[in-house]
Amino acid sequence: MRAGLFAAACAAVLTISAGAARADELLESYSAYIGQDDLYNSYDERLTQPWQVIRQDRANVHRFGVRQPGDDVDGFFASARNRELAERMIRNGTIERRAARALLNGDVRIHVEIWRGGDGDYINVSVD
């Protein structure tokens, strides 16, 4: 009887451990102030999608040295390749409707979480 209980307990621990190994992992999080400079691309064209604004904000911080008070520096989007993935990452993640609208209007502080999951990296965006 004890051997059966021990075997069941071991199986439960293994099952829980396997589930934890598959859990999504928070890679990094940062906050950013989305200012008017973040709403336009390098050709001075107005951006129309939230992912474009996030990508431009991170390019401004990492590539062009344009930072507003409240912009955190992150390591993930320091890579131009990772900035290119922003659209897919938002599509695979979540962005509050209110945050999407606020991003496109600018003059708002956002919080971004960068996650790694079984289906790839994704970001969740909210308004602070």
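Predicted model: local features only at pLDDT ≥ 70, side-chain atom pairs only at ≥ 80, totals over all residues.
Residues are numbered from 1 along each chain as its sequence is written, and side-chain values use heavy atoms, with hydrogens and water left out.

A pair of aromatic rings is described by the distance of the centres and the angle of the planes. Rings of Phe, Tyr and Trp (its six-membered ring) pair if their centres lie within 6.5 Å; planes under 30 degrees apart count as stacked, over 60 as edge-to-face and the rest as tilted. The structure holds three aromatic pairs. One of them is edge-to-face, because the rings of Phe-76 and Phe-77 have centres 5.1 Å apart and planes at 85°. Another, between Trp-115 and Tyr-122, is stacked, with 6.3 Å from centre to centre and 10° between the planes. Phe-76 and Phe-77 also belong to one aromatic cluster with Tyr-30.

Accessibility was computed with a 1.4 Å probe on protein chains only, where buried means under 20% relative accessible area, exposed over 50%, and partly exposed in between. Phe-76 counts as buried at 10%, and Phe-77 is buried at 1%. Tyr-122 is buried as well, with a relative accessible area of 15%.

Ala-23 is partly exposed, at 47%. Ala-23 lies in the loop between helix 1 (2–21) and strand 1 (25–34); helices (H or I, at least four residues) and strands (E, at least two) are DSSP runs, numbered from the N terminus. The C-alpha atoms of Ala-23 and Gly-118 are separated by 8.0 Å, with the two residues 95 residues apart along the chain.
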